[in-house]
Amino acid sequence: KAHNRGFSLTTHPTKMATRAQFENSDEVGVFAKLTSAYCLTALGNATFHSTFEAELADHIPVVQCQMAGTRIIGRLSVGNKNGLLLPHTVTDVEMLHLRNSLPETVKIQRVEERLSALGNCIACNDHIALVHPEIDTETEEIIADTLGVEVFRQTIAGNVLVGSYCVFSNQGGMVHPMTSIEELDELSSLVQVPLVAGTVNRGSDVIGAGLVANDWSAFCGLNTTAAELSVVERIFKLEEVGPPTAAAELRSSLLGSA
């Protein structure tokens, strides 16, 4: 239980977004799971793990693991500061490793669910979960109980894989670029945080695969452009925003020169 001690959440970490890569893949959301209480990274890439460790290890445990013998841990699992849900294919040994590595306050639960790539089918923060419209009722109850969230069946820009096309923290979130303004407003009032439609990894619309975030940090692929990174930092409130008038001034000067 040594990992459960010595992490201070009272000291405020530096807020920022960081680029990372797993081997040659920019899909950081496939190979990592990030919450405000813990971070999981896939076994097998020391550089990827150390990128997360450098930013997070003073504040939360950063744990290397595998799930069902695979490295796609971010797509198979879903979690927040209250809990972690795993597919039924996860072995007892893998489960025990996670139980021993994560804080005792985090509930860990295996789920018997036909839609076993839980990370593709569920997006959540510490209060709200958006889920695939066809998820089992029993799974819905387990999500509510283990993660301590309100659960809403939802699609995003016509996609049922809400976990693939949406990432949100308790600060803000990003959704599929084709999400309409009306839907964006509806989703934003549902999850009760500001949302933006955007891309990561130089135009990728699979937000969940390309980005992970908690309340004070975010990681996206190495290919993410400066403009995309700036949007991520702004919507997840990872930057100290300048004077509130700066954006308005810039906009009016652009409109004036049009």
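Helix α4, residues 92-101, lies across strands β6 and β7, and its direction makes an angle of about 160° with that of β7. The model that shows this arrangement is a predicted one.

Strands of a sheet pair through backbone hydrogen bonds, in either a parallel or an antiparallel sense. Here three strands form an open sheet, ordered β5-β6-β7, with mixed pairing. β5 and β7 (107-111) are at the edges and have a single partner strand each, so one side of each is left without a neighbour in the sheet. Between β5 and β6 (residues 83-87) the pairing is antiparallel and rests on two bridges. Within this part of the structure, Val-78 stands opposite Leu-85 of β6. A further helix, α6, lies across β5, β6 and β7, and runs at about 150° to β6.

Strand β9 (residues 128-131) and strand β10 (residues 150-153) run parallel and are joined by four bridges. From β9 the chain passes through α6, residues 137-147, to reach β10, and this β-α-β crossover is right-handed. One point to look for in this pair is Ile-128, whose bridge partner in β10 is Glu-150.

A second open sheet draws on strands from the two ends of the numbering. Three strands make it up in the order β1-β15-β14, again with mixed pairing. Its edge strands are β1 (16-20) and β14, each of which pairs on one side only. On average, neighbouring strands of this sheet are turned by 20° against each other, with direction ignored. β1 pairs with β15 (residues 217-221) in the parallel sense, over five bridges. Arg-19 can be found opposite Cys-220 of β15.

Which helices lie against this sheet? Helix α2, residues 46-56, lies across β1, β14 and β15 and runs at about 165° to β1. Helix α9, residues 226-235, packs on the sheet as well, touching β1, β14 and β15, and its direction makes about 140° with that of β1.

The structure holds one cavity of 30 Å³ or more. About 320 Å³ of space lies in the largest cavity. Which residues come closest to its centre? Of the 29 residues in the lining, these are Leu-34, Gly-79, Cys-124, Phe-168 and Ala-213. Two or more lining residues come from each of β2 (32-34), α3 (73-76), β5 (78-79), β8 (122-124), β11 (166-168) and β14 (211-213). By type, the lining residues of the largest cavity divide into twelve nonpolar, 13 polar and four charged.

Terms used:
Residues numbered from 1 in each chain as written. Predicted model: local features only at pLDDT ≥ 70, side-chain atom pairs only at ≥ 80, totals over all residues. Heavy atoms only, no water. Pairing = 2+ DSSP bridges. Right-handed = clockwise from strand over helix to strand, strands pointing away. 1 Å grid on protein atoms, 1.4 Å probe; cavity = no way out; pocket = protein on both sides within 12 Å on 5 of 7 lines; lining within 4 Å. Points joined across faces, edges and corners; volume = space filled by probe spheres on them. Nonpolar A, V, L, I, M, F, W, Y, C, P; charged D, E, K, R; others polar. Contact = heavy atoms within 4.5 Å. Axes fitted to C-alpha atoms, helices over the stretch in contact; angles between N-to-C directions.
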